[in-house]
Amino acid sequence: MADTAASPFPAPHPDLADLAEAVAGQLGRARADLADLVALPSVHGAHPEACAQARDLVRTLLAGLPVPGLGPDSVEVVETSDGSHAVFAHRPAAPGRPTVLLYSHYDVQPSGDPAEWTTPPWELTERDGRWYGRGAADCKGNLVVHLTALRALAALGGSAPDTPGGDDDEADPRGADPLDGLGIRLVVEGSEETGGGGLDDLVASRPDLVAADAILIVDSGNVSAGVPTLTTSLRGIANLVVVVDTLSAGVHSGQFGGAAPDALAALISILASLRDPDTGATTVDGLDFGGEWTGRPYAEEAFRADAGILDGVEPSSAAPVADLVWARPAVTVLGIDCPPVEGAIAAVQPRARALVNLRVPPGMDPLEAQDLLAAHVQRRRPWNARVSVEKETVGHPFSSVPAGGSDPVHGLLSECLAKAYGAREVAEVGSGGSIPLCTALREAHPGASIALFGVEDPAAAIHSPDESVDPREIERIALAEAAFLQRYR
């Protein structure tokens, strides 16, 4: 693979030398598999044929894993409530051994305008040491991590694929078990990006499909390339649609403007009340804005670069960046329905509408937060305007480590990540995003440990044009996962 000058990757710890060599030996196959996956525009709801092809490819890849107990008979495809298909593979644990669930998803975001891409979005292309294409990082690159880790363990352990049609009385032709009886589940979702809730519903109705002692959600990433990172908290979501009505119809702004109540101006006034104009703090009545992040800080300079803040523009000064993006609620106006500038007429607007996004940190009830937001909006209506709110479905926040406690799975995974990256420590960060599946998994199996990590980094530009992955991230995350699977007891 081509070298990248930025963010050096020290050699893995000597303890992982043999495993690192086995992982390196799988990278050619990893690139080929990722190229095949990226070539399919598997946007759920938009390209059903490509989604079906991606589903079938994932089924083939899982069925071909050269690990005893994983093979064609271990794979199951299940249709979910939103019409997507999830692909499962299961190797039962030997008596007394735990089970690890490995998660990723094969659906992707739309590519947007292909003209905004430097190279075609549905073709894996190498440039300056990175691999470009929609899904290269989110999340097909993470799926390739699972394949690479298991293949490397099989190569190191000397196992071979199952031999179909063999006699049960004959000696096992597969060689030694590289996982020493560890149970494995693979779950590859088909509609994560659209948030349809298909897999969440399936987990609730068939918790047996995801029963595990440790759950590795590989759909996240590192704070920067080469810096091993665990995501330990996710903010939830509680959206509202705010509708303002003031007139039976639009009226001429020259004849009636000044006295007629402007619905758009009323909406702007309401929205402006949600943020402090000086500090940028979220100011929803009754909503606790005092949370503090106790993990790794987020330097303002790094945040400016990651967020692409323009020169001279200031981020919120209400609190340290890590508090604001990981530990406190945040209001964002996602969209407004109003006349566009092009073609606008001289009229006072009778109606305006906005979608308001509220992110809530762990420890905060999203339903209560949504109620507080709705009450705030109603109290702030000017001119006794008619204001209605439509509450959208909430997503609960998530913390992977119990408050005040430690988690042995996180401890071992942190050790494996650090050794895979040749690092002294692992960064622990939060995420402003939400993964509702985490809550569904915890409800289905409250005793399981859940960890989030992956191949994404700030340069990956997930959901944007020119999405990419650093192949060294695939290599090191696969090495860390393989080391964890070797050592987990």
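Select Leu101, Tyr103, Val187, Leu199, Val203, Val210, Leu437 and Leu441: these residues line the largest cavity. A cavity is a set of points, on a 1 Å grid over the protein atoms alone, where a 1.4 Å probe fits but cannot get out, and lining residues have an atom within 4 Å of a point. Strand S3 (99-105), helix H5 (198-205) and H12 each give two or more residues to this lining; helices (H or I, at least four residues) and strands (E, at least two) are DSSP runs, numbered from the N terminus.

The model is predicted: local features need pLDDT of at least 70, side-chain atom pairs count only at pLDDT 80 or more, and totals for chains, interfaces and linings use all residues. Residues are numbered from 1 along each chain as its sequence is written, and side-chain values use heavy atoms, with hydrogens and water left out.

The search of the whole structure finds 1 cavity of 30 Å³ or more. The largest cavity holds about 30 Å³ of space, a volume being the space filled by probe spheres set on the points.

Next, select His445, in the loop between helix H12 (436-444) and strand S18 (449-453). His445 counts as buried because its relative accessibility is 17%, buried meaning under 20% relative accessible area (1.4 Å probe, protein chains only).

Finally, display the backbone oxygen of Pro207, which the side chain of His445 reaches at 2.8 Å.

Methods
Buried means under 20% relative accessible area, exposed over 50%, partly exposed in between (1.4 Å probe, protein chains only). A polar contact is a pair of N or O atoms within 3.5 Å; within protein, one must be able to donate a hydrogen and the other to accept it, and residues adjacent in sequence count only if both atoms are side-chain atoms. On a 1 Å grid over the protein atoms alone, a cavity is a set of points where a 1.4 Å probe fits but cannot get out, and a pocket is an open set with protein on both sides within 12 Å along at least five of seven lines; lining residues have an atom within 4 Å of a point.
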